[in-house]
Amino acid sequence: MNNWNSLADFIYMNGHGYYVWCAYGAFVLGVLFELYGLITRRRAICRRIMREARAAQSTLES
């Protein structure tokens with residue numbers, strides 16, 4: 001097991017820090033991108049359903 005004496009040693013991770021932190025960063029960016037996509041798709045679907053419901057209601061009132 002690694003024994004880090006300082007925060008700098010932890011970040012450096014015996015020379016592997018660049019790869020490790022880039023991998024964590026890519027993972028976080030992927031998760032954020034997926035969440036953004038899910039939220040925007042959900043909003044679009046809700047808008048479409050509301051538009052269809054208003055259209056159906058207006059045809060029933062006519």
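The model is a predicted one, in which local features need pLDDT of at least 70, side-chain atom pairs count only at pLDDT 80 or more, and totals for chains, interfaces and linings use all residues. Residues are numbered from 1 along each chain as its sequence is written, and side-chain values use heavy atoms, with hydrogens and water left out.

The side chain of Arg 48 meets that of Glu 52 in a salt bridge, at 3.3 Å from N to O. A salt bridge is here a side-chain nitrogen of Lys or Arg within 4 Å of a carboxyl oxygen of Asp or Glu. Side chains of opposite charge can pair when their charged atoms come close. Arg 48 and Glu 52 both belong to helix α2 and are four residues apart, about one turn of the helix. Glu 52 is also partly exposed, since its relative accessible area is 46%.

## The other salt bridge

By this rule the count comes to two salt bridges. Glu 34 and Arg 41 also meet through their side chains, with a distance of 3.7 Å from N to O. Glu 34 has 43% relative accessibility and therefore counts as partly exposed. Arg 41, at 45%, counts as partly exposed too.

## Helix α2 and the recorded region

Helix α2 covers residues 17–61; helices (H or I, at least four residues) and strands (E, at least two) are DSSP runs, numbered from the N terminus. The unreviewed UniProt entry places the feature "transmembrane region" at residues 18–39. UniProt positions are given in the numbering used here, feature names are shortened, and annotations may be inferred rather than shown by experiment. Over residues 18–39 the chain is 100% helix and 0% strand, and the C-alpha atoms at the ends are 31 Å apart.

Ile 49 is another residue of helix α2. A relative accessible area of 44% makes Ile 49 partly exposed. From Ile 49 to Gly 17 there are 32 residues in sequence and 48 Å in space, C-alpha to C-alpha.

## Surface patches

A patch is made of residues with over 30% relative accessible area and no salt bridge; like charges are joined within 9 Å, and nonpolar side chains (Val, Leu, Ile, Met, Phe, Trp, Tyr) within 5 Å. Accessible areas come from the Shrake-Rupley method with a 1.4 Å probe, and for residues only the protein chains shown count as cover. A nonpolar surface patch consists of Phe 27, Val 28, Leu 29, Val 31, Leu 32, Leu 35, Leu 38 and Ile 39, which together have about 760 Å² of accessible area. Leu 38 lies in helix α2 and, at 43% relative accessibility, counts as partly exposed.

Arg 43, Arg 47, Arg 51 and Arg 54 form a positive surface patch. Lys and Arg count as positive and Asp and Glu as negative, while His and the chain ends are not counted. The place of a charge is taken as NZ of Lys, CZ of Arg, CG of Asp or CD of Glu. Arg 47 is in helix α2 and counts as exposed, because its relative accessibility is 52%.

Met 13 is found in the loop between α1 (7–12) and α2. Although Met 13 is not a glycine, its phi is positive, at about 50 degrees. Met 13 counts as buried because its relative accessibility is 15%.

Asn 14 has its place in the loop between α1 and α2. Asn 14 is not a glycine either, yet has a positive phi of about 55 degrees. With 55% relative accessibility, Asn 14 counts as exposed.

Conventions
Buried < 20%, exposed > 50% of the residue type's maximum accessible area, 1.4 Å probe, protein only.
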